[in-house]
Every structure is written in structure tokens, then in C-alpha cells.
Amino acid sequence: MQTSKLITLDEFTIMETRKFPQATGELSSLLRDIGLAGKLVNKQVRRAGLVDILGEYGATNVQGESQMKLDIFANEALINILKYSTDCAGIASEENDEYLAFDDTFSANSKYVVLFDPLDGSSNIDVNASIGTIFSIYRRVSELGKPCTIEDFTQPGNRQMAAGYIIYGSSTMFVYATRLGVNGFTLEPSIGEFCLSHANMKCPETGKYYSLNQGNTCKYSEGMNAYLDYCMENKKEENRPYGLRYIGSMVADMHRTLIKGGIFIYPGDKSNVNGKLRLMYECNPMAFILEAAGGVASWGGGNIMDINPTELHQRTPIFIGSKNMVNKALEFAK
Ligand code: P6P
């Protein structure tokens, strides 16, 4: 039986590095470290119902959200692996009030920092819906050899070197983007490796799904409600009405949007002018991925990745997905 050549994440990142003779391999090594953290989290997620890891941790995070035990496990797995890697100067996490500068010599001489949401969509854990880890990688702007600084963690999204997510769904996938493009890897449990399964991923220019929490309609602007009417209008020749798909887990909704096309929206509204989702470790990485795949990501008045951050946990409205659908939505929402 012909066995197709499996290309693991490790092999793929090394092959990508070879396209840049001056590359040191540090970014590849960092991606592999994050992949290892994903495998550790996956092991716990897959058995969450069997071990005492479900249920609330009892603490609340910087967002004021109750922390699920899996949140804490995922956060600590990422921090510990990146702290002892040789390629990360420090991290910022949704679960931590402040960034962490790793204080050993190796880390102080590393040129990258990583921001992440360790387990996004964690309110879905107890109902076994897909959840995910989101990460964003920047080259630091602070002096090598010294601890990283807040300026390393508040760069605009257009300075990202790489970004990606791990989705713990019907299968576990590692999807990441560099400026070369977007590639997806599916975990093969029998060998414990992420293997290339979705090469050179592209977001279709249009799609048939819109994805938002329609329960918030009462808080939406007139323009947003006009857009919803547009989505639900009976225009067969324009493939409308669109279907509504909303899982309530950003990684799951974004993974579908990347593969099938469509639009995901979490807009500002009358009670939260900046919406709910976080710029640095949810919206910027997803924007980087979707734009590398030919999609568009806007805050409603410009590109998400052009926002100059003022604080680590700031929120932003987001309109993201198929180019034609986002541009149409912006005509209404502006
Ligand atoms: P809402 C999950 O809590 C999350 O941060 C994202 O993963 C998801 O897209 C969003 O919030 C869902 O928010 O208000 O619709 O429940």
C-alpha cells in the first residue's frame, strides 16, 4: 500500500527556514515549542470529563472572567515550555495581568516574544464544544541581552512575524501563518506529531455564512442591524439569505471562516463601544492569518493590524473573513 509521505510540523518549519539563508531557525523552533504545548493541552482537553479538571478554578482572570481549571493548565503549559525554550524572551497572556519577562541569559538574548490566549472559548469546555489556543509572535524591539519590555508586547499587528492557533475539535489541528502563507497540520495521535494536512490555505473571496451573536441585536447600531437585514434578505441570485453559524468559540468560528469562507463579526455596541474581543492575542493573530490567506480584517474604520496598541488587554471591534463579504459589511457598519 502506497503510504503518502507525512510531513510533520517540525520538518515543515525546517523546510520553510531553508528558504531564507540568513534565517537562524529560532522562529521554527518557537513554533515547534508552541506545538508541544498544544499536544500537552490536547491530552487534558481530550479527557477533561474524566479527570477533576472541569469546573471553575475559583479564581477570576484579569478580564474578571471565572477561570476554568483547563485555562490554568493551558496557561502554565505554555509559560513553562516557552520559559525553558531558547527562543522566547517573554510572554503576555489573557490570563495574566502583566507580561512576563523571562530572566535567564538564554531568554534575555532571544529575539522573539509570544502573546497568547491559552484556551479561548473556555466557557464551551463543559459542553464539549471546540476550543482553542491562539498565539502571536513578534520580534522584540527592546535591547537584546536585557529583559523584554512592555513595548515588545504593544506593537501593531502589522509587525507580527507569525501567528496561529490550535483547535481542539473533532480533530486537533495546528494552523499557522507567516508572510509566506497559511498551513494546517492535523495531530496524528499514534505518532504524537502534527502532520501537514491543509497546505497553503486560502480563504474564499465570498461565502454563505455570517457569524455573530445575534442576541446582541438590541445593542447594535442602525448600520449593523441594516447589515443583518441584508444577510437575511431573500436574494437567491446573490446566494442570500446567508446561513447563520455561531459556535461562540472564536477559534472554531474562525477556522470555519478560513476554510469555507464567510464573515465573523464581533462589533462594538451601545454598551461596549470596543466590542468584547482582545486586540493583541485574539484579533491581531486572526487578522494576520486571514490576510495571509487572502481575507480581510477590519475594526470598522480601518485594518485591525494598523491599530497602535495603548494597553495589553485592550479590546477592538472585528469584521473578518472573506474579502467581498467584509467589504460589503463595512458599507453598512461605517
Ligand atoms: P459571546 C469566548 O468566551 C470568546 O472570548 C470568543 O471565543 C467568542 O468568539 C466570544 O467570546 C463569544 O462571545 O458574547 O457571543 O458569548
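Let's start with burial. Of the 334 residues in this protein, 54% are buried. Buried means under 20% relative accessible area, exposed means over 50%, and partly exposed lies in between, with a 1.4 Å probe and protein chains only.

A word on the source. This is a predicted model, where local features need pLDDT of at least 70, side-chain atom pairs count only at pLDDT 80 or more, and totals for chains, interfaces and linings use all residues. Residues are numbered from 1 along each chain as its sequence is written, and side-chain values use heavy atoms, with hydrogens and water left out.

Now the overall build. The protein has nine helices and 15 strands. These are DSSP runs, numbered from the N terminus: helices are H or I with at least four residues, strands are E with at least two. The C-alpha trace spans about 60 × 55 × 45 Å along its principal axes.

Next, contacts, meaning heavy atoms within 4.5 Å. Take those with a separation of 6 or more: 63% of them join residues 24 or more positions apart.

On to the core. A nonpolar core is a set of buried Ala, Val, Leu, Ile, Met, Phe, Trp, Tyr and Cys residues joined through side-chain atoms within 4.5 Å. The largest one here has 42 residues. M250, L258, M286, I289 and I318 touch the most other members. Several elements give two or more residues to this core, among them β5 (112-120), α7 (250-260), α8 (279-292) and β15 (318-321). Which element gives the most? That is α8, with nine residues.

Stay with α8. Twelve of its 14 residues are buried. They include L279, E282, N284, M286 and I289. After α8 comes G294, with a positive phi near 95°.

One general point about helices. An α-helix has 3.6 residues a turn, so residues three or four places apart point the same way.

Now look at another helix, α3 (residues 69-83), which holds E76. Is E76 buried or partly exposed? E76 counts as partly exposed, because its relative accessibility is 45%. From E76 to P317 is 241 residues in sequence. In space, the two are 29 Å apart, C-alpha to C-alpha.
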